[in-house]
Amino acid sequence: AGRLKGKIAVVTAAGQGIGRAIAEAFVAEGATVHASDLDRSKLEGLARARKSKLDVMSTRAVEAYAQKIGPIDILVNVAGYVHHGTVLETSEKDWDFSFDLNVKSMHRTIRAFLPGMLARAKENGSSGSIVNLSSGASSIKGAPNRYAYGATKAAVIGLTKSVAMDFIRQGIRCNAICPGTVRSPSWEGRVEDLGKTAGGTDKAMEMFVSRQPMGRVGEASEIAALALYLAADESAFTTGTAIPIDGGWTL
Ligand code: NAD
């Protein structure tokens with residue numbers, strides 16, 4: 001415990017799944033954690049965190065939230081949505097929604113929080129860390145029926161590298177996490193959906209598991225462990241990376 005002692009962290013989409021596990025890990029390591037989600041009720045039970053409703057698709061809401069919180073050390077952008085389909089099943093509306101929620105949301109939060117992060121890094125002589133949730137389905141790997149999703153997560157990697165480069169001498173690091181399949185409420189929904197056409201939930205589960213060379217899906221706590229490392233000063237020499245954590249999916 002204490003790896004994030006004295007740090008102030010913001011985690012979006014912290015209501016469930018990976019975001020929730022990250023918020024819990026940060027609290028356990030001594031950070032002051034501002035946990036937000038579109039659905040405030042999902043944050044209930046998240047102990048010792050400051051909880052707020054935040055829609056990362058609203059520029060105004062994100063700016064007001066950053067204003068209220070003030071300077072921070074760690075920003076973790078988790079909010080994201082998985083659109084299912086090929087290019088032929090992706091309308092312009094689907095495309096725009098995916099890019100708004102998965103990519104522009106990060107543009108909003110980084111623009112809103114970075115000035116305070118820069119000021120705090122300068123003042124404390126410490127380093128600020130931005131961690132963005134990308135995916136193995138991105139510029140790393142093509143996944144079936146992940147046309148819009150894969151494009152957004154590739155954009156996240158590009159955005160991450162740009163931010164890393166522009167602020168590398170000013171005490172700010174920026175890295176992306178690229179998970180394979182991870183157990184979460186929305187993933188369980190995707191398994192159920194696939195089960196409708198693939199002969200049942202068990203069969204669908206098998207399909208997801210079989211594409212993982214390790215023979216299992218990941219746990220949110222395993223992704224949180226990497227987020228914790230990237231947030232903490234122990235990773236001070238790491239910036240601009242896109243790190244796969246995927247049970248061998250991209251191997
Ligand atoms: P999830 O999809 O189960 O939960 C998403 C959370 O985001 C929910 O709590 C929801 O209320 C919140 N949310 C939705 N719209 C929002 C908005 N506009 N503003 C704020 N919050 C909003 O969580 P997950 O499956 O752990 O995924 C988290 C992130 O990790 C996503 O970016 C996802 O793309 C990425 N990821 C997940 C997996 C996986 O297999 N689970 C794999 C690779 C990448």
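Predicted model: local features only at pLDDT ≥ 70, side-chain atom pairs only at ≥ 80, totals over all residues.
With 20 C-beta neighbours inside 10 Å, and a threshold of 20 or more for a buried residue, L101 counts as buried. D55 is 46 residues away from L101 along the chain, and the C-alpha atoms of the two are separated by 9.3 Å.

The domain assignment of the protein chain gives domain 1 as 8–182 + 223–245 and domain 2 as 183–217. Taken over C-alpha atoms, the centres of the two are 25 Å apart. Where the domains meet, seven residues of domain 1 are in contact with nine residues of domain 2. On the domain 1 side of this meeting place, the residues divide into three nonpolar, four polar and no charged.

Next, let us step into the interior. In soluble globular proteins, nonpolar side chains tend to be buried together. Here, the largest nonpolar core has 68 residues, and the members that touch the most other members are A9, V11, I22, F26, V76, A227 and A231. Take A9 as a guide.

From A9 we can follow the strands. Strand β1 (residues 8–11) pairs with β4 in the parallel sense, over three bridges. Within β4, the bridge partner of A9 is I74. Strand β4 covers residues 74–77, and both of its faces are covered: I74 and V76 on one side, and L75 and N77 on the other, are all buried.

Strand β4 also pairs with strand β5 (residues 128–133), in the parallel sense and over four bridges. Along this pairing, I74 stands opposite S129 in β5, while V76 stands opposite V131. How many of the six residues of β5 are buried? Six of the six are, so β5 is largely enclosed by the rest of the structure. On one side of the strand are G128, I130 and N132, and on the other are S129, V131 and L133.

The loops are worth a visit too. Most residues other than glycine have a negative phi, and most peptide bonds are trans. Against that background, R48 has a positive phi of about 60° although it is not a glycine. R48 sits in the loop between β2 (32–37) and β3 (50–53). Is R48 buried or exposed? R48 is exposed, because 12 other C-beta atoms lie within 10 Å, and a residue with 12 or fewer counts as exposed.

N145 also has a positive phi of about 60°, and it is not a glycine either. The place of N145 is the loop between β5 and α4 (147–166). With 16 C-beta neighbours inside 10 Å, N145 counts as partly exposed.

Our last stop is G30, in the loop between α1 and β2. G30 has 14 other C-beta atoms within 10 Å, so this residue is partly exposed. Not counting residues up to four places away in sequence, G30 touches A1, G2, L4 and K5. G189 is 159 residues from G30 along the chain, and their C-alpha atoms are separated by 33 Å.

Technical notes
Residues numbered from 1 in each chain as written. Core = buried A, V, L, I, M, F, W, Y, C linked by C-beta atoms within 7 Å. Helix = DSSP H or I, 4+ residues; strand = E, 2+ residues; numbered from the N terminus. Pairing = 2+ DSSP bridges. Domains from an automatic or database assignment. Contact = placed C-beta atoms within 7 Å. Nonpolar A, V, L, I, M, F, W, Y, C, P; charged D, E, K, R; others polar.
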